[in-house]
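Here is a short tour of a protein model, from its overall fold to a few individual residues. Please keep the structure open beside you as you read.

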Amino acid sequence: MQIKRRLPLLRDLREREKKGGKSQPPRPIVFIPPFFAERVEGRGEIDVEIALFGDFYRFLPHVIYGLRFLGKLGLNSNSKYEVVSIRDVLSGKEIYDGEKVSVEGLKTVDLGELNPKKLEEFVVRYQTPIEASRPIKLEELLTMIRRRLILYVNEYGTGEVPDFNRKADILENEWKEHDLPHYSRRKGRRIFHAITGFAKYGIYEADDDAMKLLAIGELIGAGAKASFGMGFFKIEI
């Protein structure tokens, strides 16, 4: 995935810096594992999505061989794994068959060239945890997508991220809350409070910028944290 448009620092980010805060640059490689919401054990296969930003698609062979090496070592004594294959989700072509890498099948996307979604009623299924209060209104979702996009464009792309207009209602919704523990050497133990679930939205007024943000959000997710694949969703009609 490529972002080719550069964004000057916007007012909301300037205001955050004035208050003493500064957003951390997002990582150019995001792993999006499936979210089980419970501890799982045993053998089996899982599908893990990988999003690459900027020119980092060029380093895909390094990512693959790094994953292979980590699989041989294991995340711990009981979690060794094998990378069986990798397929490009956009082109549908296999780019790693377990032995060799073929980057010719890799398709890149300029987020600025995506077409706006044409929707009136639709369901957003929040598949991985997102830090937000429930219910998530459509305006809140679009704002979270826009803020994440600003960070990526500032770091890896060029262009401007416009604001949006929309009017929408929540027609149906259902949520689950999750307390996600995280450990780091720098900050120690922390708990992320997040939710998963779905919301059905009905739009009765929206401009192209709002609908384009929805298309972008399906690729980059929403919310402040992308680590561990947080904030990713799918749109269902």
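The report below goes from confidence and fold to cores, a cavity and some local details.

## Model and confidence

This is a predicted model, in which local features need pLDDT of at least 70 and side-chain atom pairs count only at pLDDT 80 or more, while totals for chains, interfaces and linings use all residues. Residues are numbered from 1 along each chain as its sequence is written, and side-chain values use heavy atoms, with hydrogens and water left out.

The pLDDT (the predictor's confidence in each residue, from 0 to 100) has a mean of 84 over the protein chain, and 89% of the residues reach 70 or more. Please treat residues 1-21 separately: their pLDDT is below 50. Beyond near neighbours in sequence, this stretch has 68 contacts in the model, a contact meaning heavy atoms within 4.5 Å.

## Overall fold

The protein chain has 4 helices and 8 strands. These are DSSP runs numbered from the N terminus, with helices being H or I of at least four residues and strands being E of at least two. Along the sequence, the pattern reads α-β-β-α-β-β-β-α-β-β-α-β.

Of the 237 residues in the protein chain, 38% are buried; buried means under 20% relative accessible area, exposed over 50%, and partly exposed in between, with a 1.4 Å probe and protein chains only. Among contacts between residues at least 6 apart in sequence, 70% join residues at least 24 apart.

## Two nonpolar cores

A nonpolar core is a set of buried Ala, Val, Leu, Ile, Met, Phe, Trp, Tyr and Cys residues joined through side-chain atoms within 4.5 Å. The largest one here has 40 residues, and Phe122, Tyr126, Ile136 and Leu141 have the most contacts inside it. At least two residues of this core come from each of β1 (29-32), β5 (121-130), α3 (138-156), β7 (188-206), α4 (208-220) and β8 (233-236). Helix α3 gives the largest share, 10 residues. A second, separate core holds 9 residues, including Leu52, Leu60, Val63 and Ile64.

Leaving aside neighbours within four places in sequence, Ile136 contacts Tyr126, Ile130, Leu141, Met144, Ile170, Trp175, Ile195 and Tyr201. Leu141 lies in helix α3 and is buried, with a relative accessible area of 0%. Not counting residues up to four places away, Leu141 touches Val124, Tyr126, Ile136, Leu214, Ala222 and Phe233.

## One cavity

How many cavities of 30 Å³ or more does a search of the whole structure find? The search finds 1. Among the residues that line the largest cavity are Pro129, Ile130, Glu131, Ala222 and Gly231. Here a cavity is a set of points, on a 1 Å grid over the protein atoms alone, where a 1.4 Å probe fits but cannot get out, and lining residues have an atom within 4 Å of a point.

## Loops worth a visit

Pro116 is in the loop between β4 (94-96) and β5 and is partly exposed, at 23% relative accessibility. Beyond four places in sequence, Pro116 contacts Asp208, Met211 and Lys212. The C-alpha atoms of Pro116 and Lys212 are 3.9 Å apart, although 96 residues separate the two along the chain.

Most residues other than glycine have a negative phi, and most peptide bonds are trans. The peptide bond from Arg134 to Pro135, however, is cis, with omega near -5°, and Pro135 lies in the loop between β5 and α3. Ala37 has a positive phi, near 65°. Ala37 sits in the loop between β1 and β2 (49-52) and is partly exposed, with a relative accessible area of 49%.

Conventions. 1 Å grid on protein atoms, 1.4 Å probe; cavity = no way out; pocket = protein on both sides within 12 Å on 5 of 7 lines; lining within 4 Å. Points joined across faces, edges and corners; volume = space filled by probe spheres on them.
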